[in-house]
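Open the model in your viewer and keep the selection panel at hand. The stops below can be taken in order.

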Amino acid sequence: MLRSVVTVLAVAAFAGCSSDDTPEPDKNVISVDTMRAALLKAADIGPTWKDPGESAAPAELVSVCGADTAAAAVPGKPSVVSATLSDEGTGGVQSLTQHALVYDDAISSATALATLRAVADACPPSVQKPAKTGDRDEPAYIETAKTTTLGQGAWNGFVTLRNKQYDKAHAATADIAVVALTRDNVLLVDQYAIYRLGKSAASANPDFSNDWQKLVGSTLSRVK
């Protein structure tokens, strides 16, 4: 009889505790609001940068391989927050395109990262294109691309670095970094690009490596 009473009391106590407990939020789920606040604004970078304003969530991201390849489609069905910034001067242009893809779970974001990595791994190491006229005139150029694994803290993914050299008759160069990093249920896709007019050397943008890493790092540091 005593054993039965103890068992009943234990069950009752367990049931009482269960009914009063409020499930704690999943700390491994990053919200859309968190990512919206994390994306950089023009004022965060410098006084010459401009923000064209909010726009609808895109169905496409950025071109990973460059040249004439299309922009990558958004993998799966995440919530998307984006920001596009630019700094235009007489000597060239800088731009930063940011997309935060917020999925329901970490498996979905990891799958999305793998999808983009497959695109990056298929990029040709070098592409030569003739001059193009029409809706968008562009001189002939050679573009190289290299993809490497990238990690920072709890974030992991890859970066594809591209360099574009135009023919000497239209001296100009461009460096582009396409970064894809995932953490928990979020995939961050950033593209930083800098174009220099009147330059024709692969080292025309000596601060490029530090600049794209600093921009990406600033965004990651805001995600708590």
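**Stop 1: a lysine in a strand**

Select Lys164: this residue is buried, with a relative accessible area of 9% (buried means under 20%, exposed over 50%, partly exposed in between, with a 1.4 Å probe and protein chains only). Lys164 lies in strand E5, residues 155-166; helices (H or I, at least four residues) and strands (E, at least two) are DSSP runs numbered from the N terminus. The model is predicted, so local features need pLDDT of at least 70 and side-chain atom pairs pLDDT 80 or more, while totals for chains, interfaces and linings use all residues. Residues are numbered from 1 along each chain as its sequence is written, and side-chain values use heavy atoms, without hydrogens or water.

Now show what surrounds Lys164. Beyond four places in sequence, its contacts (heavy atoms within 4.5 Å) include Glu138, Glu143 and Thr173.

**Stop 2: helix H5**

Select residues 208-220, which form helix H5. Its buried residues include Phe208, Trp212, Leu215 and Leu220.

**Stop 3: the cores**

Select Met35, Trp155, Tyr192 and Trp212, the residues with the most contacts inside the largest nonpolar core, which has 29 residues. Such a core is a set of buried Ala, Val, Leu, Ile, Met, Phe, Trp, Tyr and Cys residues joined through side-chain atoms within 4.5 Å. H5 supplies the largest share of this core, five residues.

Centre on Trp212: leaving out residues up to four places away in sequence, Trp212 touches Leu150, Val159, Leu161, Ala177, Val179 and Tyr192.

Finally, select Leu61, Leu101, Leu113 and Leu116, which are among the 22 residues of a second, separate core.

Technical notes. Expected span 1.5 Å × (residues − 1).
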